[in-house]
Amino acid sequence: MNEVNLLMKCSICGKKYGKKSINIVQNKKDSMLVHVNCDFCRSSSLAVINKGIQNNDSIVTLGILTDLDYEEACNVLRKDPISFDDVLDIYECH
Ligand SMILES: [Zn+2]
C-alpha cells in the first residue's frame, strides 16, 4: 500500500491519508476500489486506483466523496456490484 499512500491526498483539506485511513473495498487484478477516511477533516471518499503494471506506480483515477463509512461501503458495493461494463451499458445510446 506504500505507493498508494504517496499519491493519495484528501480532496477537502489536502492532507495525505495515513495508512490506517485507507481500506480496500474491492481488489481486482489491475484496479482496486478503496475507501479513505481523512483523519483531519473527517471526510470520506471512495477512489478507484489503477494498479501500475510496468513501474509499480498506482494512479488514482476517480475519487468520490461519500457519506458511507467503510463497512457501509462494503455492504453496498459488494452486495450489488456494478462493473464498469454495466455502467457503460447504461450510458451507451443505441
Ligand atoms: Zn481531509
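Hi everyone, let's start with a side-chain pair: asparagine 27 and lysine 51 make a polar contact through their side chains, at 2.6 Å. By polar contact I mean a pair of N or O atoms within 3.5 Å; within protein, one must be able to donate a hydrogen and the other to accept it, and residues adjacent in sequence count only if both atoms are side-chain atoms.

A quick word on the model: it is predicted, so local features need pLDDT of at least 70 and side-chain atom pairs pLDDT 80 or more, while totals for chains, interfaces and linings use all residues. Numbering runs from 1 along each chain as its sequence is written, and side-chain values use heavy atoms, leaving out hydrogens and water.

Back to asparagine 27, which sits in strand 1; strands are DSSP runs of E, at least two residues, and helices are runs of H or I, at least four, numbered from the N terminus. Leaving aside neighbours within four places in sequence, asparagine 27 touches Met32 and Lys51, where contact means heavy atoms within 4.5 Å.

Now, which residues hold the zinc ion? Cys10, Cys13, Cys38 and Cys41 each donate SG, 2.3 Å from the zinc ion; donors are N, O and S atoms within 2.8 Å of the metal (3.2 Å for Na, K and Ca), and with water not among the atoms, sites may look incomplete. Their spacing in sequence is C-x2-C-x24-C-x2-C. Cysteine 13 lies in the loop between helix 1 and strand 1, and cysteine 41 in the loop between strand 2 and strand 3, so this pair ties together parts 28 residues apart in sequence.
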